[in-house]
Amino acid sequence: MGKLRLVPLWITYVFLYLPILVVVWMSFNAGRSPYVFEGFSLRWYGELAANDRLTEGLVNTLIVAAGTTVLSTVLGTLLAVGLARYTRSKLLDAVALMPAVLPDLVIAIGLLMVYSLVQFTLGLWSVIIAHSVFAMAFVTAVVRTRLSHADASLEEASRDLGAGAFRTFVRITLPQLAPGIVAGALLAFTLSIDEFAIAFFTAGNTQQTLPIVIYSMLKVGVKPEVNALATALLLVSFTAVIAGQRLTKLGESRAHD
Amino acid sequence: MRSRPRFWAASAFLGPGLLYLLAFLLIPLALIFGFTVFKRGRFGGIVYEYTAENFARLFDPLYLGVVVDSLKLAGITTLLALLLGYPTAYAIARLPHKWRTIALVAVVLPFLTSFIIRMYALIILMSGPGLINSALGTELELLYHEGAIVTGLLYCYLPLMVLPLYTAIERLDPQLREASGNLGANAFTTFRRVTFPLTLPGVLTGCMFVFVPSFGNFAVPEILGGSKSLMVGNLVQTAFLKERDYPFGSTLALALIAVLLVLLLIQAKVARRG
């Protein structure tokens, strides 16, 4: 009975990891087929660098992710501090978290309508603005968690000693929040890099992000370079996730010291 | 006299974020609500004349059928996720302590990787000449039908089922199971009468976590479903990107939100009673 219990766990692991492992494995294929392995080679990693559509998509994605990270981290951090220290409104709390709960489709079409009403040209900026809406909710949540561990009496002491709100924020609050802010920024970056649905609606036709480029390639047939790209992206995602977790843990253990 | 600077500080912290949310979240939502009562212009714009036509169209059997299909596909996905997720979470919760976190992170990790890459991986695996068919020596049509959509949704959201279930099961007092056994119940009865009812809140949360994103999905059916299979999300997508019919697209989106809200309310009610 004891070993039998592990069977569903292994089924889950095979189900979740088999597709990913096949892609990683096929990325080292010497042949052109995405299905038959014909010997080891790094050929497709080289071809990847030469594929203009994919590299352009990658550059666009990195620009969007960087923009989203900066915008959502600044706004989200300020909002988290504001919500924790300057208001008790449950309504504002709910509004701040709403983008994380709403279906991405709803965020996407709502913004598409705003863009078309004010005749905002779709491009990288429209995606950055859209991604920041939901990324900000996650940054706010992460920083607030961190803030609830931070010692508010230090801030009070700073204010009592005559420092203004701004100075207290920069000198006392911000250093305490640093690990949470970095974790939130990493989260925003990872979410933006992988985001498909909202970018699909708000990117327009000229400057597409990588997931959209891959999607349109999928429609016309599988290219072996995509295996190499997928492997590289998986590596980036896994690293970011593990780094984020480490940072959060580091932050927590310091907060408890 | 401290209230004045406090007001400015509060505005400085709260202002930028809230203005951003007003402009890019609340106003868009208001537009979705508002546009449902207007007419569509001939070339895709909006004519500001009131009409109930959009809501009437919603009950056209053609669209209603898609809503029912979406409920069905999301329901099947949720059921399968529960059937696989429950024993998985149970197995993790009964692992030795040091293995639990690793086992759990291993379940969640794929969820945190690129969505499109995961879809791509499924296509490589399931396509005509793909690994499954070549390993089995078969020529099964695994892609581009409703079964493929369910597989894709399950692949995406299974981790969201396992997480809350694990939390619920891990919290269970093992003595309850022992007591049930000592009183003569067999393993199945113990599960049915003790373990499962006590983990019901986790079951409900997990089901919501899987059902909600599945029901509102457009990307998975778009990529894995082929041209025939449709879900509500695809109708919204077509209305917005192909037909430029913003009023009807908004009405569909509103219907989608309404269904999800009703489900959330039911869940909250059941959870409170439990």
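Biologist: Why are H6(A) and H8(A) called roughly antiparallel to each other?

Modeller: In this predicted model, helix H6 (residues 124-149) of chain A and H8(A) pack at an angle of about 155°. Angles over 145 degrees count as roughly antiparallel, so H6(A) and H8(A) are given that name. Their axes are 8 Å apart, and H6(A) passes H8(A) in a right-handed crossing.

Biologist: Which residues make the contact between H6(A) and H8(A)?

Modeller: From H6(A) they include A:His131, A:Phe138 and A:Arg146. From H8(A) they include A:Leu177, A:Gly184 and A:Leu191. By class, this contact has 13 nonpolar, five polar and one charged residues.

Biologist: What makes A:Leu186 count as buried?

Modeller: A:Leu186 has 22 C-beta neighbours inside 10 Å. The cut-off for a buried residue is 20 or more, so A:Leu186 counts as buried. The residue sits in helix H8 (residues 165-194) of chain A.

Biologist: Which residues does A:Leu186 touch, not counting those up to four places away in sequence?

Modeller: A:Leu186 touches A:Ala240, A:Ala243 and A:Gly244. As for A:Thr73, 113 residues from A:Leu186 along the chain, the C-alpha atoms of the two are separated by 9.4 Å.

Biologist: How many residues does each chain bring to the contact between chains A and B?

Modeller: Chain B brings 57 residues and chain A brings 59 residues. On the side of chain B that touches chain A, H1(B) gives the most, with 17 residues. The residues of that side divide into 46 nonpolar, nine polar and two charged.

Notes. Residues are numbered from 1 along each chain as its sequence is written. Chains are lettered from A and ligands numbered from 1 in the order in which they are written. This is a predicted model: local features need pLDDT of at least 70, side-chain atom pairs count only at pLDDT 80 or more; totals for chains, interfaces and linings use all residues. Two residues are in contact if their C-beta atoms, placed from the backbone, lie within 7 Å. Helices (H or I, at least four residues) and strands (E, at least two) are DSSP runs, numbered from the N terminus. Ala, Val, Leu, Ile, Met, Phe, Trp, Tyr, Cys and Pro count as nonpolar, Asp, Glu, Lys and Arg as charged, and the others, Gly among them, as polar. A residue is buried if 20 or more other C-beta atoms lie within 10 Å of its own, exposed if 12 or fewer, and partly exposed in between; C-beta atoms are placed from the backbone. Axes are lines fitted to C-alpha atoms, for helices over the stretch in contact, and angles run from 0 to 180 degrees between N-to-C directions. Angles under 35 degrees count as roughly parallel, over 145 as roughly antiparallel, 65 to 115 as roughly perpendicular and the rest as oblique. A crossing is left-handed if the near helix is turned anticlockwise from the far one by less than a right angle, and right-handed if clockwise.
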